[in-house]
Amino acid sequence: MNKEFSQRIKNILDAFDTEYGTDYRCFLSYKEPYQLLIATILSAQCTDARVNEVTKDLFAKYKTLEDFAKADIKELERDIHSTGFYHSKADHIKECAKILIEKYDSVLPSDLEALTTLPGVGNKTANVIRGNIYHIPSIVVDTHVKRISNLLGITKKTDPLKIEHDLMKKLPKDRWILWNINVITLGRTICIARKPKCEECFLKEFCKHYAK
């Protein structure tokens, strides 16, 4: 990276700190680590707000990992129906619960390779787990991170895995988790995909898209 690019990244990170602070927070509600796994599986093609509505009742009904492993699949599908893709999500949740009990003694693994062998778990879900449960620096490439990282000119990649690796090269490691949190917050409040509030954005002077 050249000096100008490095300085622009620093300016963006400093602006995020000033606007949002540096506290870690998760947008999905959970108490147990396995609940975050289930919530993240449900969040595919669904809003976090909807997932949190569903899991409020879901985690009250299925109180343990064993409850999910033994769940009637049709009943579980009905319970998560409003999150979409409920057939595959129910299958993944039930199978994940079984594998965690049988193979990992009910403990969610922290290893990326182990996590991504679980049904329905890709890099995005695995990195949510690693960042929030184990505080392992991770880049989570969701729609907000993909879109805004491109708009800011931090990466030109379009494939999520390539974006993840590119951001890992360009952002300080101790800022990876905060990047996820801050960019998602920005994407939901100011840099809204359908109607961005560019004039209100505290990053506009550093944004390649705004400069055009």
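Analyst: What follows treats the backbone and the nonpolar cores of this predicted model.

User: In which loop is Gln 45 found, and what is its phi?

Analyst: Most residues other than glycine have a negative phi. Gln 45 is found in the loop between α2 (33–42) and α3 (48–61). Its phi is positive, although Gln 45 is not a glycine. The value is near 55 degrees.

User: Is Phe 85 buried or exposed?

Analyst: Phe 85 lies in the loop between α5 (73–80) and α6 (86–104). Its phi is also a positive value, near 50 degrees. A residue counts as exposed when its relative accessible area is over 50%. Because the relative accessibility of Phe 85 is 56%, this residue is exposed.

User: Which element gives the most residues to the largest nonpolar core?

Analyst: The largest nonpolar core has 34 residues, and those with the most contacts inside it include Leu 37, Phe 68 and Ile 93. Two or more residues come from each of α2, α3, α4 (65–69), α5, α6 and α8 (123–132). With 7 residues, the element that gives the most to this core is α2.

User: How many residues are in the other core, which lies apart from the largest one?

Analyst: In the largest core, Leu 37 is one of the residues with the most contacts. Beyond four places in sequence, Leu 37 touches residues including Cys 96, Leu 108 and Ile 129. Apart from this core lies another, with Leu 152, Trp 176, Leu 186 and Ile 190 among its members. The number of residues in that other core is 27.

Methods. Residues are numbered from 1 along each chain as its sequence is written. This is a predicted model: local features need pLDDT of at least 70, side-chain atom pairs count only at pLDDT 80 or more; totals for chains, interfaces and linings use all residues. Side-chain values use heavy atoms; hydrogens and water are left out. Helices (H or I, at least four residues) and strands (E, at least two) are DSSP runs, numbered from the N terminus. Buried means under 20% relative accessible area, exposed over 50%, partly exposed in between (1.4 Å probe, protein chains only). A nonpolar core is a set of buried Ala, Val, Leu, Ile, Met, Phe, Trp, Tyr and Cys residues joined through side-chain atoms within 4.5 Å. Contact means heavy atoms within 4.5 Å.
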